[in-house]
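Me: I'm new to this one. Can you walk me through it?

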Amino acid sequence: MNDSVFLRACRGESVSHLPVWFMRQAGRSLPEYRKLREGVPMLESCFRPDLAVEITLQPVRRYGVDAAIFFSDIVVPLKAIGVDLDIVPGTGPVVAEPIRSGGQLAQLRDIEPADVDPIVESVKSLVGELGATPLIGFAGAPFTLASYLIEGGPSKDHRLTKQLMYSNPELWHALLSRLAAIGGQFLRVQIEAGASAIQLFDSWAGNLSLADYDTYVKPHSAAVLASVADLGVPRIHFGVGTGELLQSMGDAGADVVGVDWRVSLDVAAKRVGGGRVLQGNLDPTAVFAPTDVMTAKAAEVIEAGRAAPGHIFNLGHGVLPATDPDALARLVDFVHGYELSPS
Ligand code: 1CP
């Protein structure tokens, strides 16, 4: 397992073929997923090991990807400690009582082992089922989680989040510190149960300027990544629209930096530096193009990725629900068959 192509690439070691997995590779694009989820609410499926295990395995079986990502959601640890929230179909996470005051932080307590029994059971069982295929655990980064807790649900402009950040920095930092602690604990739980890499999703950090990211967010994401450093597994740090933040997100303590499709990987490699490996970054809509166009674009991504000390192929963000699974299968075959000639 430690010698798997995915883990070797995370460490910047030589690989026999380019590893590939997809953010949101499980989920609504797969008919077998939609069938299994029929009548089962999203959060219930995350806390049911029979479903979480099967859903995680579905894309591995179908595509032969080089890593599995644990089927869960960034709000699962918050639900586990009793925060009143739900994942509403067609919307996303919705929080019953959005955070407006310091008094509300008390609910953001540390994770107790009993809170995450089903998570531990799922991860352990998955590691057995996956054999030599590594499992990636994940958590939401403090900023992205805070945005749901403050806005009460998905937001385009993150107006209330930034309002709190600018107007009450003390409460802001207290909130993000709590979320960093919980995020770190949730990653540790998954690693100790057998996950061999982790990804910290700061999906919405790209809405921040570099200065605001560095002041209000980076120290907290760095705390999450540092808190699992002792466990020695590769740490991937990803956000959308983070072209201007790439160096800072790497400096926060990542081994691998995830890049969205807006920045070419050769440019990203210069920005990130520090010997860090890159992950990405085919436009998720490129899989809707004719196959020859899709594979030409994938080849461009692979060639640009050679500028980095290592490269893990992925999309620039999650698989879109309307994606044709056969197109993704062709993409995996193309990446696996790509001749990595000496540079
Ligand atoms: O009923 C359903 O199928 C609900 C859709 C769904 C799914 C399949 C949601 C609601 N979450 C998930 C699973 C999920 N969430 C995974 C699956 C792992 C895999 O790839 O197989 C992952 C990694 C996440 C993480 C997640 N949830 C992120 C970070 C990743 C990203 O895409 O940027 C974020 C931002 C969320 C919040 C969330 N959960 C669900 C939705 C629709 C959203 C986004 C809402 C918004 O736009 O703000």
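**Rings and pockets**

Reply: This is a predicted model. Start with Phe138, which is buried because its relative accessible area is 6%, under the 20% cut-off.

Me: Which residues share an aromatic cluster with Phe138?

Reply: Phe201 and Phe238 do; with Phe138 they form one aromatic cluster.

Me: How many aromatic pairs are there in the structure?

Reply: Seven. Take Phe138 and Phe201: their ring centres are 5.4 Å apart and their planes sit at 85 degrees, so this pair is edge-to-face. The pair links distant parts of the chain, 63 residues apart. Phe138 is in strand E4 (residues 135-140) and Phe201 in strand E5 (residues 197-201).

Me: And Phe201, buried or exposed?

Reply: Buried, at 12% relative accessibility.

Me: What about Phe143 and Trp172, how is that pair arranged?

Reply: Tilted, with 6.2 Å centre to centre and 55 degrees between the planes. Phe143 lies in helix H7 (residues 142-151) and Trp172 in helix H9 (residues 169-192), so the pair ties together parts 29 residues apart in sequence. Phe143 counts as buried at 0% relative accessibility. Trp172 is buried too, with a relative accessible area of 0%.

Me: New topic. How much space lies in the largest pocket?

Reply: About 1300 Å³. It is lined by 42 residues, and the closest to its centre are Arg24, Arg28, Met42, Asp73 and Pro321.

Me: Which element gives the most to that lining?

Reply: H2, with three residues.

Me: What classes of residue line the largest pocket?

Reply: 23 nonpolar, 13 polar and six charged.

Me: And the second largest pocket, how much space lies there?

Reply: About 280 Å³. Of its 15 lining residues, Val15, Leu18, Arg306, Gly310 and Leu340 are the closest to the centre.

Methods:
Residues numbered from 1 in each chain as written. Predicted model: local features only at pLDDT ≥ 70, side-chain atom pairs only at ≥ 80, totals over all residues. Heavy atoms only, no water. 1 Å grid on protein atoms, 1.4 Å probe; cavity = no way out; pocket = protein on both sides within 12 Å on 5 of 7 lines; lining within 4 Å. Points joined across faces, edges and corners; volume = space filled by probe spheres on them. Helix = DSSP H or I, 4+ residues; strand = E, 2+ residues; numbered from the N terminus. Nonpolar A, V, L, I, M, F, W, Y, C, P; charged D, E, K, R; others polar. Phe/Tyr/Trp six-rings, centres within 6.5 Å; stacked < 30°, edge-to-face > 60°. Buried < 20%, exposed > 50% of the residue type's maximum accessible area, 1.4 Å probe, protein only.
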